[in-house]
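Work through the exercises below with the sequence and the coordinates side by side, and try each task before reading its solution.

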Amino acid sequence: MKSKKTYLTLILMGAFIVFSSCMILKQKQKPTLFLIGDSTVKNGKGKGDGALWGWGSFIENFFDTEKINIENDALGGTSSRTFQTNGLWDAVLAKVKKGDFVMMQFGHNDSSPLDDTARARGTIKGIGMESKDTFNPIKKKQETVYTYGWYMRKFIKDIKAKGATPIICSSIPRNPVKDGKVILVNDSYAGWAQEVAKAENVDFIPLNQLIKDKYSVSSADQIKSYFTEKDHTHTNEDGAKVNAALVVEGLKLLKKNKLQAYLK
């Protein structure tokens, strides 16, 4: 009798170990959606410091997190250049595996100077192959700076090499309300983001245009309520939630993107 009980105990323990291993393996095998970008994707630590929020903090609400992990690695103040040259991209890329997704949104800070003493984060305008050798006063060394498109293509190349799927979002528009009127303007970086996506044959979410389409049928007061009073760039919680919903709307418009399968 004792041997039978021991035998049964061993069977149950073995079954439990197998079950636990399968659950751990299943967890590890879940794909991950990585988000990279600036403060309009994640401000600060993504906890609403100063009432500033990025849309990446709310995108998880639209996904079935039993099937996919969401990781927001965006960092405020970064451009497509500094996200790479400061080592942030290397840290993210090290975690990317086959079957994952990387959604990127850059542009707001790319228009900054190339070599100012404050951030030295700007990129050359456009998507060409131009470059400029310049002294970086932050790092106190020479640096070759490329175009916005060059850095975006670098992201794409790295992601594809990992067997993952890159998705480009155009950057959100800044607050278009001026003197009580809604003045919508073209954004060069939104256009360049789309051009890069088309040239590299990757999916593109026209977030800039989707948001402007919403703004075009909204009152000035409604639009103002989406932004903080600190500046004309950063959204508050309401604005970030609106933008997150529009990212998902844009995702649903993509014909063959596998990320759609993980939406609620």
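Predicted model: local features only at pLDDT ≥ 70, side-chain atom pairs only at ≥ 80, totals over all residues.

**Exercise 1. The chain as a whole**

Task: Describe the secondary structure of the chain, the share of its residues that are buried, and the share of contacts that comes from residues 24 or more positions apart.

Solution: Begin with the secondary structure, which comes to eight helices and nine strands. Next, take the burial of the 264 residues in the chain, of which buried residues make up 48%. Then turn to the contacts with a separation of 6 or more, where residues 24 or more positions apart account for 68%. Finally, the accessible surface comes to about 14100 Å², and carbon and sulfur atoms contribute 55% of that area.

**Exercise 2. Helix α5**

Task: Determine how the buried residues of α5 are arranged around its axis, what they pack against, and what is found at the start of the helix and just after it.

Solution: Second, list its buried residues, which are Tyr189, Ala190, Trp192, Ala193, Val196 and Ala197. Viewed down the axis of α5, these buried residues fall within an arc of 165°, and so they line one face of the helix. Third, look at the other side of α5, where Lys198 and Ala199 are exposed. Last, inspect the two ends: at the start of α5 a side-chain oxygen of Asp187 comes to within 2.8 Å of the backbone nitrogen of Tyr189, while just after the helix Asn201 takes a positive phi of about 60°.

**Exercise 3. Salt bridges and burial**

Task: State how many salt bridges a search of the whole structure finds, and examine the pairs Glu143 and Arg81, Asp100 and Lys97, and Lys241 and Glu237.

Solution: The search of the whole structure finds six salt bridges. For the pair Glu143 and Arg81, the side chains meet at 2.9 Å, N to O. This pair links distant parts of the chain, with Glu143 in strand β5 (residues 141-146) and Arg81 in the loop between β2 (69-72) and α2 (82-85), 62 residues apart. Both Glu143 and Arg81 are buried.

For Asp100 and Lys97, the closest N and O atoms are 3.1 Å apart. Asp100 has a relative accessible area of 0% and is therefore buried, whereas Lys97, at 29% relative accessibility, counts as partly exposed.

For Lys241 and Glu237, the closest N and O atoms are 2.9 Å apart, and both residues lie in helix α8 (residues 237-253), four residues apart, about one turn of the helix. Lys241 is partly exposed at a relative accessible area of 37%, and Glu237 is also partly exposed, at 34%. Elsewhere, salt bridges that share partners join Glu71, Asp73 and Lys95 into one network.

**Exercise 4. Asp158**

Task: Is Asp158 buried or exposed, and which residues is it in contact with once its neighbours within four places in sequence are left aside?

Solution: Start by placing Asp158, which is found in helix α4. Its relative accessibility is 14%, which lies under the 20% limit, so Asp158 counts as buried. With the neighbours within four places in sequence left aside, Asp158 is in contact with Trp89 and Leu93.

Terms used. Residues numbered from 1 in each chain as written. Heavy atoms only, no water. Buried < 20%, exposed > 50% of the residue type's maximum accessible area, 1.4 Å probe, protein only. Arc of directions from axis to C-beta. Contact = heavy atoms within 4.5 Å. Polar contact = N/O pair within 3.5 Å; in protein donor to acceptor, adjacent residues only side chain to side chain. Salt bridge = Lys/Arg side-chain N within 4 Å of Asp/Glu carboxyl O. Areas by Shrake-Rupley, 256 points an atom, 1.4 Å probe, with all protein chains shown as cover.
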